[in-house]
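Trainee: Before I use the terms for this model, I would like to check each one against its cut-off. Please go through them with me.

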Amino acid sequence: MKKHTTVDDCRIINIRKYFDNRGYLSVIEGDVDVPFEIKRVYYLYMVPEVARGEHAHKMLQQLMIATSGSVHVMIDDGTNKKKFVLDKPWKGLLIAPGLWRTLDDFSGGAVCMVLASAKYEKEDYIRDYNEFLKFKNND
Ligand code: TYD
């Protein structure tokens, strides 16, 4: 269980990009551009004016990218919060395990892609905020 992580364990990475007169190409290789093997990719799109996420993961590591448009991501470690704005297709947010995340302010046409270190596991989720605080504060 990665319960001792903080907001400072999340960071923006510049995804490598290749440019020529045909435009840009960006690439992410598991264990090279992100510190984990990529086991799953999912993406959010056509999101209305709502907040998504609002959960934490016990073990999962993720890289989140607004491949189109923009999205705001609030990371919360139970003590501190840090807001990240994803607004470029080459800007990725690496999210450590054990952190509460809320996504909102999706722009029109936004697509938020997430690369994840594991397959979907319901048991890895903490969806109740009080339970999350207990998870962070219990030794
Ligand atoms: P949910 O976790 O509620 O999305 P968000 O992260 O925005 O809060 O997921 C929505 C639905 O999609 C839910 O029924 C579970 C399902 N889902 C999968 O089946 N596999 C996945 O990899 C993910 C991320 C979600």
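Mentor: Start with the sheet. Five strands make up an open sheet, ordered β8-β7-β10-β5-β12, with antiparallel pairing. At its edges stand β8 and β12 (125-126), each with a single partner strand, so one side of each is left without a neighbour in the sheet. The model is predicted: local features need pLDDT of at least 70, side-chain atom pairs count only at pLDDT 80 or more, and totals for chains, interfaces and linings use all residues. Residues are numbered from 1 along each chain as its sequence is written, and side-chain values use heavy atoms, with hydrogens and water left out.

Trainee: What makes a run of residues a strand here, and what makes two strands a pair?

Mentor: Strands (E, at least two residues) are DSSP runs numbered from the N terminus, as are helices (H or I, at least four residues). Two strands pair if DSSP finds at least two bridges between them. β7 and β8 have six bridges in the antiparallel sense, so they count as a pair by that rule. Antiparallel β7 and strand β10 (residues 100-104) are joined by five bridges. β2 and β3 pair over four bridges, also in the antiparallel sense.

Trainee: Which residues stand opposite V73 in β8 and in β10?

Mentor: In β8 the residue opposite V73 is F84, and in β10 it is L103. H72 has D104 of β10 as its bridge partner.

Trainee: How many residues lie between the strands in the hairpin of β7 and β8, and how many between β2 and β3?

Mentor: The hairpin of β7 and β8 has four residues between the strands, and G78 takes a positive phi near 95° there. β2 and β3 form a hairpin with two residues between them. F19 stands opposite Y24 of β3.

Trainee: Why is strand β7 called mostly covered?

Mentor: Buried means under 20% relative accessible area, exposed over 50%, and partly exposed in between (1.4 Å probe, protein chains only). In β7 (residues 71-76), five of the six residues are buried.

Trainee: Why is the contact of D8 with K82 called a salt bridge?

Mentor: The term requires a side-chain nitrogen of Lys or Arg within 4 Å of a carboxyl oxygen of Asp or Glu. For D8 and K82 the N to O distance is 3.4 Å, so the pair qualifies under that limit. D8 lies in the segment before β1 (11-14) and K82 in strand β8 (residues 81-86), 74 residues apart, and the pair links distant parts of the chain.

Trainee: Are D8 and K82 exposed or partly exposed?

Mentor: D8 has 59% relative accessibility and so counts as exposed. K82, at 30%, counts as partly exposed.

Trainee: How do you know that R16 and D33 form a salt bridge, and where do they sit?

Mentor: Their side chains meet at 2.7 Å, N to O. The pair links distant parts of the chain, with R16 in the loop between β1 and β2 (17-20) and D33 in the loop between β3 (23-26) and β4 (40-45), 17 residues apart. R16 is partly exposed because its relative accessibility is 26%, and D33 is partly exposed with 22%. R16, E29 and D33 are linked in a network of salt bridges.

Trainee: How many salt bridges does the structure hold?

Mentor: Five. Among them is K91 with D87, whose closest N and O atoms are 3.2 Å apart. K91 has 21% relative accessibility, so it counts as partly exposed.

Trainee: Which residues are around the ligand?

Mentor: They are R40, Y42, R52, G53, H55, Y120, Y125 and R127. A residue is near a molecule if one of its heavy atoms lies within 4 Å of it. β5 (52-57) and β4 each supply at least two residues of this shell, and β5 gives the most, with three.
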